[in-house]
Amino acid sequence: MYIKRRRGWEMPEHMATPEGVFLSRRALLGGAAGLVVGSAIGRDAASAEDALYPARRNEGFNLDRAVTPERYSGDYNNFYEFGTSKTVLPAANALKTKPWTIKVDGLVEKPFEIGVDDLIRKVGLEERLYRHRCVEAWSMAVPWTGFPLAKLVALAKPASGAKYIQFQTFLDKAMAPGQRQFFYPWPYVEGLTMAEANNDLAFMVTGIYGKPLPNQFGAPIRLAVPWKYGFKSAKSLVKVSFVAERPKTFWEGLQASEYGFWANVNPAVPHPRWSQASERVLGTDQRVPTLIFNGYGEQVADLYKGLEKERLFV
């Protein structure tokens, strides 16, 4: 009779791991390793982004009032993509900001698309203290982080026929419930003249309060035009187009008699439904007089010479 003697390293077949289970375990371990690596990459990316903030403050842009504490401004925003209330923070958490690219097209030397992080690396960041005046007669003062819009204009190399810049926000009805409202002309569109865009005050914003821009403020990149009413400062931008004709903007398309293209702050010209002579300051609820061009007249008034017949302030 044949008797098989097992070597010390051999085991019975019934103790061996079945092939399917073995492969499944390999896949699981591989996935776990991938998660660890992915988490590390995610942490590195977040750390690289956080390292950009706070940016060095440009002392040429100061305020005559205190900065609004973040606890007041951080949950008091208009962002109609996420609803009509001011407390849009919970709904805006659905905004997915990574990856995020901006398309630059129209009358430019060569249209291109660029990731926000790559754009920041090209142009650099600085912090500026700006007033922000809403057409609804409330205001705040905040430390924006970003770069002059003129730097993006230079990067685009616009043709001589480009007279305006059109800004367009994202369009994703699954992510933004407000965009399911059929009576709004989505996506949100805004515009500036080339002269306005090249003014040093026009600012592309990627952060606030020394941190990357939170969703409710229009992450990951928005516009800030401090001498105009707040609705001109379009949020969550995905496209910047250089065009020959003046764009029809979002609110202008809805109600041009109340929300014109220029939308320059002017206390002497009331909104059809309320006065613009004063504003309520977030955080204190103090009523203060509104200043022409929101206090930036010295820097921007020359932009509008000869345009007195235009509806500059509505």
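This report describes the fold, strand pairing and selected side-chain contacts of a predicted protein model.

## Basis of the model

Residues are numbered from 1 along each chain as its sequence is written, and side-chain values use heavy atoms, with hydrogens and water left out. Because the model is predicted, local features need pLDDT of at least 70 and side-chain atom pairs count only at pLDDT 80 or more, whereas totals for chains, interfaces and linings use all residues.

The predictor's confidence in each residue, pLDDT, runs from 0 to 100. Its mean over the protein chain is 88, and 84% of the residues reach 70 or more. Over residues 1-33 pLDDT stays under 50, and for this stretch the model has six contacts (heavy atoms within 4.5 Å) beyond four places in sequence. Where pLDDT is low, the predicted coordinates should not be read in detail.

## Overall composition

The protein chain contains eight helices and 12 strands. These elements are DSSP runs numbered from the N terminus: helices are H or I with at least four residues, and strands are E with at least two. Among contacts between residues at least 6 apart in sequence, 71% join residues at least 24 apart.

Of the 314 residues, 46% count as buried; buried means under 20% relative accessible area, exposed over 50%, and partly exposed in between (1.4 Å probe, protein chains only). The chain exposes about 16,300 Å², of which carbon and sulfur atoms supply 56%. Accessible areas come from the Shrake-Rupley method with a 1.4 Å probe, and for residues only the protein chains shown count as cover.

## The five-stranded sheet

Five strands form an open sheet of mixed pairing in the order β2-β1-β10-β5-β6, where two strands pair if DSSP finds at least two bridges between them. The edge strands are β2 (112-115) and β6 (189-193), each of which pairs on one side only. Neighbouring strands of this sheet are turned by 20° against each other on average, direction ignored. Strand β5 (residues 164-169) pairs with β6 in the antiparallel sense over five bridges, and Tyr-164 stands opposite Thr-193 in β6.

Two helices pack on this sheet. Helix α4 (residues 116-123) touches β1 (101-106) and β2, and its direction makes about 90° with that of β2. Helix α5 (residues 149-156) touches β1, β2, β5, β6 and β10 (237-243), with a direction at about 65° to that of β10. For these angles, axes are lines fitted to C-alpha atoms, for helices over the stretch in contact, and angles run from 0 to 180 degrees between N-to-C directions.

## Strand β4 and its partners

Strand β4 (residues 138-148) is mostly covered, with 11 of its 11 residues buried. Eight bridges join β4 to strand β3 (residues 126-133) in an antiparallel arrangement, in which Arg-128 stands opposite Trp-144. β3 and β4 form a hairpin with four residues between them, and Ala-137 in the turn has a positive phi of about 75°.

β4 also runs antiparallel to strand β7 (residues 203-208), joined by five bridges; Pro-148 has Phe-203 in β7 as its bridge partner.

β11 has a covered face, Glu-279 and Val-281, and an uncovered one, Ser-278 and Arg-280. Three bridges pair β11 with strand β12 (residues 287-289) in the antiparallel sense, and Glu-279 stands opposite Val-288 in β12. These two strands form a hairpin with five residues between them; Gly-283 in the turn has a positive phi of about 95°.

Why does Glu-196 count as buried? Glu-196, which lies in helix α6 (residues 194-198), counts as buried because its relative accessible area is 1%. Not counting residues up to four places away in sequence, Glu-196 touches Ala-202, Trp-227, Lys-228, Trp-262, Leu-303 and Tyr-304.

The side chains of Glu-196 and Lys-228 are joined by a polar contact of 2.8 Å. The Glu-196 side chain also reaches the backbone nitrogen of Thr-193 at 3.0 Å. A polar contact is a pair of N or O atoms within 3.5 Å; within protein, one must be able to donate a hydrogen and the other to accept it, and residues adjacent in sequence count only if both atoms are side-chain atoms.
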